[in-house]
Amino acid sequence: MDAKDWLLLRILEEDSTQEVREVADLTDLSEAEVEDRVRALEAGGIIRGYSATVDWEKAGEGVAAATVNLKVHPERDAGYDRIAERISRFPQVCSLRLISGEYDFELRVTGRNIQEITRFVSEQIAPMEQIRETATILVMKTYKENGRILYDRKEGERLPFAF
Amino acid sequence: MRDFISQRTHRIPPSGIRRFFDIVQEMDDVISLGVGEPDYSTPWVACEAGIASVEQGQTSYTSNSGLPELRTEASRYLTRRFGIDYHPEDEMIVTTGASEALDIAIRAVTDPGDEILIADPSYVSYSPGVMLSDGVPVLVPCRMEDEFRLTPEALMEKITPKTKAVICNFPNNPSGGVMSRADYRAIADVICDHDLLLISDEIYTEMTYDGEMTSAVQADGLRERTILINGFSKSYAMTGWRVAYLCAPKEICEAVLKIHQYVMLSAPTMSQYAAVGALRNADQDREEMVTEYQMRRNLFVRGLNRVGLTCHLPRGAFYAFPSIKDFGLTDVEFAERLLKEQHVAVVPGSVFGPSGEGHLRCAYAVSREDLREAVNRIEAFITSL
């Protein structure tokens with residue numbers, strides 16, 4: 001990893017759909033160098049995938065989301081890892097983090113509606129023997145996602161010329 | 001009725017781009033590379049600090065020289081970023097933008113007939129500023145072959161017994177030229193040998209891309225004979241707040257402060273609080289913006305060269321300054337036709353002085369998308385010639 005790799009990651013994290021030539025121009029690299037570096041970053045597991053940031057509220061009905069906090073009993077030898085792996089296998093869980101503070105895990109759970117999410121938590125997550133407590137926090141509105149503002153915002157205006 | 005306007009005011013030339021302004025007003029799909037200010041909004045931490053000060057009723061004047069905490073933070077910033085030291089108590093003044101700092105600095109040192117050397121091309125206010133003090137602006141050419149740096153040879157050539165001071169601005173608006181430490185050392189010898197004062201406008205220093213960020217004051221011998229100007233408009237995207245600062249040795253600072261207290265009293269209070277917030281908490285925002293400008297510079301300059309507009313690599317500020325000398329048009333004609341035919345607004349280099357002739361100032365502080373489209377339109381224009 002050098003300064004150019006950092007720059008590449010920054011550019012791709014912001015918008016991974018840009019053409020190679022543009023990325024090469026921005027980083028002052030050749031196109032071949034960009035391709036080689038991106039392949040190396042992918043092979044090294046630093047770039048884990050590419051995705052779009054979707055405003056599901058705007059897309060229409062049928063998507064709900066919640067943050068679910070969990071207190072768990074860590075296991076001898078495995079600590080938190082084994083239970084984390086079990087929870088990760090559910091496709092409803094789109095992110096899972098070990099956190100500090102009152103709770104141990106923070107999950108991001110999505111479903112078609114609130115009922116689906118609460119049913120998933122109460123039927124699939126809560127009954128696991130290592131789980132001591134759950135707290136489900138429903139998302140009511142998303143203002144910002146992956147660094148992108150999702151509400152309409154008026155930008156400041158500039159004069160056409162200024163010295 | 002008699003003419004009430006002073007001869008001095010009559011002598012100041014009108015803005016060189018009034019006409020372009022009028023043309024732009026008639027169009028709705030202009031890509032403007034004519035804007036010499038960041039396209040970012042002020043970092044939110046700085047806005048919060050300004051808003052909080054208003055909510056707390058901090059709406060009075062501050063001390064003439066500015067909020068003590070702002071001078072202290074600015075002094076720390078200069079030490080942190082350049083290794084230079086100024087006493088917040090008696091060597092710094094907070095001003096209403098770098099424009100005011102320039103104005104009062106020039107007025108404090110210029111007597112009628114004094115020759116003030118100005119590194120050319122330059123920001124448009126320097127010559128009128130000197131003329132308003134009945135001084136004589138003398139332009140010192142900076143050439144493309146030297147990447148628009150100020151050389152000791154060029155400086156020497158213009159020095160006369162009447163020369164009092166030198167005004168320079170690096171990283172440079174409009175050329176993007178940058179002075180290295182060695183470059184400053186070289187002019188420092190000339191300035192010291194001829195007992196001149198330096199007014200160094202360093203408003204773009206944070207936008208230095210390919211090497212170490214420098215200040216003139218780092219050069220041996222210059223600190224005691226320099227008025228240093230820096231601020232927040234460019235590095236923290238705070239143009240509309242109108243806040244900057246000036247640093248100088250105590251005796252000079254006292255003289256400048258006399259003018260400041262009569263003409264300005266103090267810089268806007270909420271802006272000073274916002275600037276404190278910027279210096280304390282907006283380093284990351286600033287670094288992000290600078291990284292983005294550097295990427296845009298790479299994108300834009302490569303694009304210009306690809307479509308056949310020769311452009312040296314500007315090492316600082318956010319301006320590209322391509323040469324149009326191969327096209328048989330003056331920079332004014334080129335810029336006017338580019339605007340009318342392809343709706344891309346740039347500023348003719350000659351607006352910034354004779355050394356800018358044959359160049360265009362293109363501010364790349366616009367979105368990457370606009371830069372791409374601007375390059376396409378410029379290509380279409382060149383092809384049509």
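Chain A is divided into two domains, domain 1 covering residues 3–43 and domain 2 covering residues 56–142. In this predicted model, the centres of domain 1 and domain 2 of chain A, taken over C-alpha atoms, are separated by 34 Å. Chain A also makes a contact with chain B, to which 12 residues of chain A and 21 residues of chain B contribute.

**Chain A: elements and overall form**

- Chain A contains 6 helices and 6 strands.
- Read from the N terminus, the elements of chain A follow the order α-α-α-α-β-α-β-β-α-β-β-β.
- Chain A is more spread out than a compact globule, because its radius of gyration is 21 Å, well over the 15 Å that the globule rule gives for 163 residues.
- Along the principal axes, the C-alpha atoms of chain A fill a box of roughly 60 × 40 × 30 Å.
- Of the 163 residues in chain A, 16% are buried.
- When contacts in chain A between residues at least 6 apart in sequence are considered, 55% of them join residues at least 24 apart.

**Chain B: the sheet**

- Strands of a sheet pair through backbone hydrogen bonds, and the pairing is either parallel or antiparallel.
- Chain B has an open sheet of 7 strands, arranged in the order 2-8-7-6-5-3-4 with mixed pairing.
- Strand 2 (92–95) and strand 4 (136–141) of chain B each have a single partner strand and stand at the edges, so one side of each is left without a neighbour in the sheet.
- From one strand to the next, the twist of this sheet averages 20°.
- Strand 6 (residues 197–201) and strand 7 (residues 226–231) of chain B pair in the parallel sense, over 4 bridges.
- Asp201(B) has Ile229(B), in strand 7 of chain B, as its bridge partner.

**Chain B: helices against the sheet**

- Helix 5 (residues 97–109) of chain B packs on the sheet and touches strand 2, strand 5 (163–169), strand 6, strand 7 and strand 8 of chain B.
- The direction of helix 5 of chain B makes about 165° with that of strand 7 of chain B.
- Helix 4 (residues 68–82) of chain B lies across strand 2 and strand 8 (244–247) of chain B, and runs at about 110° to strand 2 of chain B.

**The contact between the chains**

- The contact takes 12 residues from chain A and 21 residues from chain B.
- On the side of chain A that touches chain B, the residues divide into 6 nonpolar, 2 polar and 4 charged.

Terms used:
Residues are numbered from 1 along each chain as its sequence is written. Chains are lettered from A and ligands numbered from 1 in the order in which they are written. This is a predicted model: local features need pLDDT of at least 70, side-chain atom pairs count only at pLDDT 80 or more; totals for chains, interfaces and linings use all residues. Helices (H or I, at least four residues) and strands (E, at least two) are DSSP runs, numbered from the N terminus. The radius of gyration is taken over C-alpha atoms; the globule rule is 2.2 Å times the number of residues to the power 0.38. A residue is buried if 20 or more other C-beta atoms lie within 10 Å of its own, exposed if 12 or fewer, and partly exposed in between; C-beta atoms are placed from the backbone. Two residues are in contact if their C-beta atoms, placed from the backbone, lie within 7 Å. Two strands pair if DSSP finds at least two bridges between them. Axes are lines fitted to C-alpha atoms, for helices over the stretch in contact, and angles run from 0 to 180 degrees between N-to-C directions. Ala, Val, Leu, Ile, Met, Phe, Trp, Tyr, Cys and Pro count as nonpolar, Asp, Glu, Lys and Arg as charged, and the others, Gly among them, as polar. Domain bounds come from an automatic or database domain assignment.
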